[in-house]
Each structure stands twice: as C-alpha cells, then as structure tokens.
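User: I would like to learn how to read the features of a protein model. Please take me through this one.

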Amino acid sequence: MSARRRRGPGSLGARFIDHWRTLAVEAQAPLIVAVSGGVDSLTLLHLLRFDVAPPGGLHVAHFDHAWREGSEGEARWVAGVARAWGLECSSARAVRAPADEEEARGMRYAFLEEVRARLGARWVLTAHHADDQAETVLFRALRGAGPGGLAGIPARREPWVRPLLPFWREEIEQAARVRGLTWLEDPSNRALARPRSVLRHRILPDLERTVAPGARRALVRLARLAGEGESALREWTLRADREARLAEGPTHVEWSLEALRAQDPHLAGRVLREGAAALGVRLDERSTRRALAALGRERVRFHLPGALDLIVWRGRLRLERMDATPDADRPLTIAGAGEGEGEAVLGGVRWRVGWSDRAAVDAPARVDLVVRDLPVLVRARRPGDRLRLPGGSRPLKKLLQEAGIARSERGRLPLVADARGRVLWALGLGAAVRAEAPDAGRLHLGFESADRR
C-alpha cells in the first residue's frame, strides 16, 4: 500500500486538509479511527496518517459484526494495515450476528466508545461521506422524521467526527486509486435484504434516472438547510428554556407554568423534550402532546415513558425521574465482543467491570451469562425490574427484600440487562434462567467495588 498521492489544489487530499481545519478537532490525545477495511475508512485513515499526522497520534478500531463466514480474516487484515502504517489497533467480534442494522450500529458504537474510554481519547472518527448523508436523509424522511432528523449526520458532535462528510463516494474511490491503496469489498453491502442497501442500489439510482437527476445532491442540500434551521431553532429553544426554568437537578427539571404558556406550543414542546433528554428520557410525539396538554391545567400528575413523572402544581411544571438516585448514575454499555474493562457509577459507588467472551474474569464478583440480545447494560435497578427464576418471574424489589439487602444498598448494586431490558443477573441474587438459543453467546463478567463517594 503506497503512500503516493496527488497533492494538487483540486485533489481530495488538499480539500480534505482544508476541511479538517474547519472541524477544529483538538488532537493532543489519540484520535480513534473506525476502520472496516473498506475503501471509505481506509482512505480516511490514509489521509489522516500521511496528510494530517495529528500530534496525538491515531488508533485504529475494527469491529466484526460476525455477519458472514470468514469475517475474522478482515480483522487480521486491518490490524496488518495498521501495523504497516505504524499504528496500534483494537478489534472485537460480536458474540452473535446482530438482527438488523440498528442493532449492529448499537454494538459498533458501544465498542468504539469502550475503546475511546479505555485510551482516554476525546474523539472517534468515522468514514461517513456525502452518499451516506443522502441515504440517511431519504431513509429518515420515509420514516416521518422532523427537521432535526432531516438534518442528517452531523459533521461533529462530541465525541463523533465525520471528516469525509463533504466528499462523495466516487471521489473517495478515485483518491484511493491515485494513492495506490487496496481495500476489502464487503459483499453484504450489495445485499438487498437490508434497507440501506435497497436505498443505495435500487431506489436512489431509480430516482436519479427517472425523477430527479440530482437527487443525491438535493438530499445533501436538504440536510444542510434543515441543519441550519435546526441550529437556529435550538438557539430559540435555549433562550425560551432559560426564561422559563426555575430549578434543575440530577433527577428533575422545573419551569414556570406561565412562562411556558407564553411560548409558541412547538417551542414549548421542544423545551420539554430537551428537559426530558437531560434526564435521559426521550419524549416521542405522543408524549410531547400529553405534556403540552398539561400546560392548560392548574394541578395534575401523570406518568410518561422512561419512569418520568410530569407534575403541575403551584404555577410550576416539573419533570422528575422516579427511578434516579441523588448521585447521578453512569451505567456502562458493553458490546459483548472481545475483552475490555470499564466503570459504572451506581448510587454513589464506582464499580470496576471487566468482561470477556472467551474466559472467566478474575474479580471478587463474577458471573458467566448466556446472552442473545446485545449490547448489555450494567446499571442499577429500576421500577418494574423482574428476574426470571426456576419458579417463575419475580419482582427484583421483592427478591432484594427477601435476601435481606438494606433499602439504602439496593440502588448501589449492579445488575446486567440485555438490549431488550430483561434483567440477566443481579449482584447477590444470581443469574436469571434463560433458554439456550442457537445464536446466543457466552459473556463472562467480573465486578469490583472501587470506592464509595
């Protein structure tokens, strides 16, 4: 793989460097670069390594979704490229193949976040480009997204950076050929069983051939315009929030009822959604309408999704997380592939967590799980949690009481839940009973209490 490249004023390399400067990515720590081995990510890595050469260095991260036979060889190939270019590489493989693209994305991003945290890095770089942007906007439009969704993929939103977003797949491939690069071709990218592949290989080409020759460019332009509108609307939302907010904390947000009523309903709805998001809850369209309807009441209380309560009383509207602890919890997401270490903060207690899909983890508390739905989440208990035991499913709250665990300790103990929210294990109670599934995998975890804050 040669480092030869064309550096003329119109080359992708020169334009990439100009665009890189606008991103203002501080690079004193390593930059994590997600590399699949395809032409997009390999060209991005080459540009960064040989054109930019950030002072903090680069670290390659490769995730194998286990979607097809022989994919393990791609991880070795990527590691070889990294080695040849003088770079370190981290890789992991899914315990089982994800059910769909959304689950695959969750696994991949959980792995990248784990690598970033382990290395103390600030930024993770992915190779999304203009064609990806066009596909994303069309996909979201077909699913009824609002202006925020139509803004598409952001070029920079910490910790994620997409330096190739202004460039088209065709010019990226041309730059790769000019630079003498070779890359891996993923045959599954052309399989029409996946929605994105249908958009890429059938719908968008048909649109450009029969309806709008510039459909891709028009979709990218739509993303830019929607992003500009969303940015302006966000400023208005922040201003309205500042004018109306009376109190806030790790578990609640409170506004003046009069100030919210004075706002346009759409803007008031955004204020409420942003407040809920700060508490870790996403309000959908229906929940937002219910919350807005409460503005016309003088006294009301009801539940919203995500263990969120809405309370109107004495001229105030309050959103409160009923499952949160006074100490802001920091759950830990584990992709379940490979080995790793991380930290979860639960009820003021820091837990060091190690995991492996191959061997037991040496720790004071250990568990070996059969997991089908990844990623898993290490978190504290929540209202409604249940554990499936040989005698049937039972409330976690009742089991903790029967085990003699003090009420003050219950929110500090770790449990493991799968991607569907089912509790797989709780410290002091053991693992749930699960039927073996053909596509399930083993995950070994170890827990150690670091301290009490």
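Analyst: We will go through the sheet, the cores, the helix packing and some single residues. The model is predicted, so local features need pLDDT of at least 70 and side-chain atom pairs count only at pLDDT 80 or more, while totals for chains, interfaces and linings use all residues. Residues are numbered from 1 along each chain as its sequence is written, and side-chain values use heavy atoms, with hydrogens and water left out.

User: Let us start with the sheet. What is the order of the strands in the open sheet of 6 strands?

Analyst: Strands of a sheet pair through backbone hydrogen bonds, either parallel or antiparallel. Here the order is β3-β2-β1-β4-β6-β5, and the pairing is mixed. The edge strands, each pairing on one side only, are β3 (88-93) and β5 (156-157). Strands (E, at least two residues) and helices (H or I, at least four) are DSSP runs numbered from the N terminus, and two strands pair if DSSP finds at least two bridges between them.

User: Which residues stand opposite Val-33 in β2 and in β4?

Analyst: In β2 the residue opposite Val-33 is Val-60, and in β4 the bridge partner is Leu-125. Strand β1 (residues 31-34) runs parallel to β4 (residues 124-125), with 2 bridges between them. The pairing of β1 with β2 is also parallel, over 4 bridges.

User: How many residues of β2 are buried, and which way do they point?

Analyst: In a regular strand the side chains alternate between the two faces of the sheet. In β2, Leu-58, Val-60, His-62 and Asp-64 point one way, and His-59, Ala-61 and Phe-63 point the other way. Of the 7 residues in β2, 7 are buried. Buried means under 20% relative accessible area, exposed means over 50%, and partly exposed is in between (1.4 Å probe, protein chains only). Helix α3 (residues 72-84) lies across β2 and β3, at about 175° to β2.

User: Which residues touch the most other members of the largest nonpolar core?

Analyst: A nonpolar core is a set of buried Ala, Val, Leu, Ile, Met, Phe, Trp, Tyr and Cys residues joined through side-chain atoms within 4.5 Å. The largest one has 51 residues, and Val-353, Leu-445 and Phe-447 touch the most other members. Helix α4 (residues 101-119) gives the most to this core, with 6 residues. A second, separate core has 33 residues, among them Leu-44, Leu-48, Val-81 and Leu-164.

User: What is Leu-445 in contact with, leaving aside its neighbours within four places in sequence?

Analyst: Contact means heavy atoms within 4.5 Å. The contacts of Leu-445, with those neighbours left aside, include Ile-334, Val-353, Trp-355, Val-361 and Leu-369.

User: Now the helices. At what angle do α9 and α11 cross?

Analyst: Two packed helices are described by the angle between their axes and the distance between the axes. The axes of α9 (residues 215-244) and α11 (residues 265-278) cross at roughly 80° and come within 9 Å. That makes α9 roughly perpendicular to α11. Axes are lines fitted to C-alpha atoms, for helices over the stretch in contact, and angles run from 0 to 180 degrees between N-to-C directions. Angles of 65 to 115 degrees count as roughly perpendicular, under 35 as roughly parallel, over 145 as roughly antiparallel, and the rest as oblique.

User: How do the residues of that contact divide?

Analyst: The contact of α9 with α11 has 5 nonpolar, 2 polar and 5 charged residues. Ala, Val, Leu, Ile, Met, Phe, Trp, Tyr, Cys and Pro count as nonpolar, Asp, Glu, Lys and Arg as charged, and the others, Gly among them, as polar.

User: What angle do α11 and α12 make?

Analyst: Helices α11 and α12 pack at about 110°, with axes 10 Å apart. Pro-265, Ala-268, Gly-269, Leu-272 and Arg-273 of α11 meet Thr-288, Ala-291 and Leu-292 of α12. This contact divides into 5 nonpolar, 2 polar and 1 charged.

User: Is Ser-287 buried or exposed?

Analyst: Ser-287, in helix α12 (residues 285-293), is buried, with a relative accessible area of 7%.

User: Last, the backbone. Where is Pro-159 found, and what is the peptide bond from Glu-158?

Analyst: Pro-159 is in the loop between β5 and β6 (160-161). The peptide bond from Glu-158 to Pro-159 is cis, with omega near 10°. Elsewhere, Ala-24 has a positive phi near 50° in a residue other than glycine, and Ala-24 is partly exposed at 46% relative accessible area.
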